[in-house]
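Dear colleague,

Please find below the structure that I am handing over to you.

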Amino acid sequence: MEMSEFFKSIYALTDGKPSFKIFVNGEWLDSVSKRTAEVVSPNGLQPIAYVQLANKEDLEKAISGASKSVGAEYDRLAVFERAKELMETYKEDFVNDIMLESGKTRELAEGEVKTTIERLGLVSEDLKRVKIWDRKLFGNDVKIVRQPIGIIACIPAFNYPLFSIASKIIPALLGGNSAVAKPSLSDPIASLMFAKVLQEAGVPAGALSVLTCLSSELGDELAKDQRIQMITLTGSTATGQHVMSVCGIKRLHLELGGKGSAIVLEDANIQNAAKKILEGALKYSGQRCDAISRVLVVEKVHDELVNELLKNFDEYASKAVPLIDEKAAQKVMRLVEDAVAKGAKILKGGKAERNFVEPTLLDSVPLQARIAQEETFGPVIPVIQVKNAKEAIAIAKESTYALDSCIFGNRNAMKYAKMLDDGSVTINNYPSHGTGFYPFGGNKNSGIGREGVGYSLLEMTRIKTIKIEK
């Protein structure tokens with residue numbers, strides 16, 4: 001694993017591999033415990049680096065420094081513009097890292113870096129969307145202002161190791177808050193590299209800390225600490241529910257699990273629907289919260305759709321990558337095996353080796369199968385035949401998840417889109433969110449709040465009303 005000279009200060013070599021430090025109050029440090037964890041690449045499941053395991057003393061130092069930095073005066077727009085320039089300079093380092101530590105293809109890694117650079121360039125748009133007003137009301141002067149919440153714990157998911165943390169830290173700092181970030185240990189290096197970029201760009205000491213740690217040791221400590229005024233987390237529904245149970249009274253933004261349905265109506269363009277479903281389900285081997293993870297197709301076009309899926313399947317399946325680890329692959333295979341035991345038919349794939357799951361197409365999947373209801377997070381497309389659109393909508397609305405879905409059809413697609421509970425519905429394409437121009441987030445067990453340009457900043461600031469009596 002090689003990096004530009006720019007990143008040399010954030011790691012040392014141990015046994016010929018980089019051992020990355022934690023970033024606390026503007027300093028790159030070994031953890032107090034001196035313990036480390038291996039970072040294992042999904043490509044071959046070989047260790048590629050080490051990271052420090054922060055403990056309670058490291059966390060205390062980070063939170064204490066963050067407390068003193070809330071509302072610190074610095075030119076945030078200039079800092080993010082400089083960070084954008086640095087990201088462009090060192091984008092190849094980020095691309096190579098993401099490919100190695102998360103197992104993404106070059107195309108996907110380049111897309112993630114490009115989107116992060118674009119996000120850094122949109123901070124002025126964030127500010128435009130946050131309204132502050134000053135007016136006379138009932139004879140009084142009234143000012144409505146937005147102020148920092150305080151310290152925000154930023155907890156990203158593994159599947160977008162750079163963009164997920166950037167989309168949390170950028171609005172947190174832009175709103176005048178301090179941020180304490182805890183990246184996934186599955187692929188934490190991109191988060192540390194991003195911290196180095198922000199440090200060099202001029203984020204003051206204390207405003208940002210990034211701690212690699214075991215969730216079992218520091219996760220609850222971070223969530224419970226009452227000096228943390230907000231938690232923004234992307235992860236599983238189970239993780240979100242646990243955080244809610246221990247965090248106490250504080251603001252939450254939770255982007256959690258999903259069970260994205262692709263509803264295919266009688267008047268859909270079946271050729272287009274099949275291609276979009278394949279891409280939406282198999283991109284990054286389905287390791288995306290907005291992935292299509294079940295297809296509800298009306299019986300009149302079922303056979304045509306399945307034939308189109310089969311005809312184009314190998315083209316999209318050829319881009320599959322290993323899952324993040326063997327545990328993830330085992331979970332996916334248990335879902336496939338359960339579906340087959342309950343009557344589903346394997347039309348493609350259906351096997352796994354270590355952490356690689358073959359892209360799999362299942363037909364005749366009963367609603368009683370777990371894969372028809374549970375989040376998959378793997379490269380499996382369960383096809384469920386329904387009588388009509390009414391039945392498809394009813395099945396979709398019964399889900400405990402409501403993050404993202406899509407509808408393929410023309411005449412009544414908008415009507416049905418409005419009937420779904422999901423936070424986002426895409427018509428005639430698979431769900432995709434890019435840099436976040438639109439609000440993104442779920443309902444029900446899929447989360448609380450919305451991310452996106454401007455929307456995250458609204459979540460990460462608080463309203464104050466100042467009334468001047470005459």
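Two strands are said to pair if DSSP finds at least two bridges between them. In this predicted model, strands β16 and β19 meet that condition, pairing in the antiparallel sense over 3 bridges. Within this pairing, K345 stands opposite D363 in β19. Strand β19 is also joined to β20 by 3 bridges, and these two strands run parallel; here L361 stands opposite I381 in β20. The side chains of β19 are divided between two directions: T360 and L362 point one way, L361 and D363 the other way, and all are buried.

Helix α12 covers residues 326–341, which is 16 residues. From its first C-alpha to its last, α12 reaches 22 Å, close to the 22 Å expected at 1.5 Å a residue. Just after the helix, G343 adopts a positive phi of about 115°.

Which residues of α12 are buried? They are A328, A329, V332, M333, L335, V336, D338 and A339. These buried residues pack against β16 (345–348), β17 (352–353), β18 (356–357), β19 (360–363) and β20 (380–386).

I turn now to the aromatic residues. A search of the whole structure finds 7 aromatic pairs. One of them is formed by F6 and F7, whose ring centres lie 4.9 Å apart with the planes at 90°, so the pair is edge-to-face. F6 counts as buried because its relative accessibility is 14%, and F7 counts as buried because its value is 0%. Another pair is that of Y11 and F20: the ring centres are 5.3 Å apart and the planes stand at 50°, so this pair is tilted. Both Y11 and F20 are buried.

R76 lies over the face of Y74, at 4.1 Å from the ring centre. The charged end of K104 sits over the ring of Y284, 4.9 Å from the centre of that ring.

To return to the strands, β19 is the one to view alongside both partners: its bridges to β16 are antiparallel, whereas β19 and β20 run parallel.

Yours sincerely

Key
Residues are numbered from 1 along each chain as its sequence is written. This is a predicted model: local features need pLDDT of at least 70, side-chain atom pairs count only at pLDDT 80 or more; totals for chains, interfaces and linings use all residues. Side-chain values use heavy atoms; hydrogens and water are left out. Helices (H or I, at least four residues) and strands (E, at least two) are DSSP runs, numbered from the N terminus. The expected span of a helix is 1.5 Å times one less than its number of residues. Buried means under 20% relative accessible area, exposed over 50%, partly exposed in between (1.4 Å probe, protein chains only). Contact means heavy atoms within 4.5 Å. Rings of Phe, Tyr and Trp (its six-membered ring) pair if their centres lie within 6.5 Å; planes under 30 degrees apart count as stacked, over 60 as edge-to-face and the rest as tilted. A charge sits over a ring if NZ of Lys or CZ of Arg is within 6 Å of the ring centre and within 35 degrees of the ring normal.
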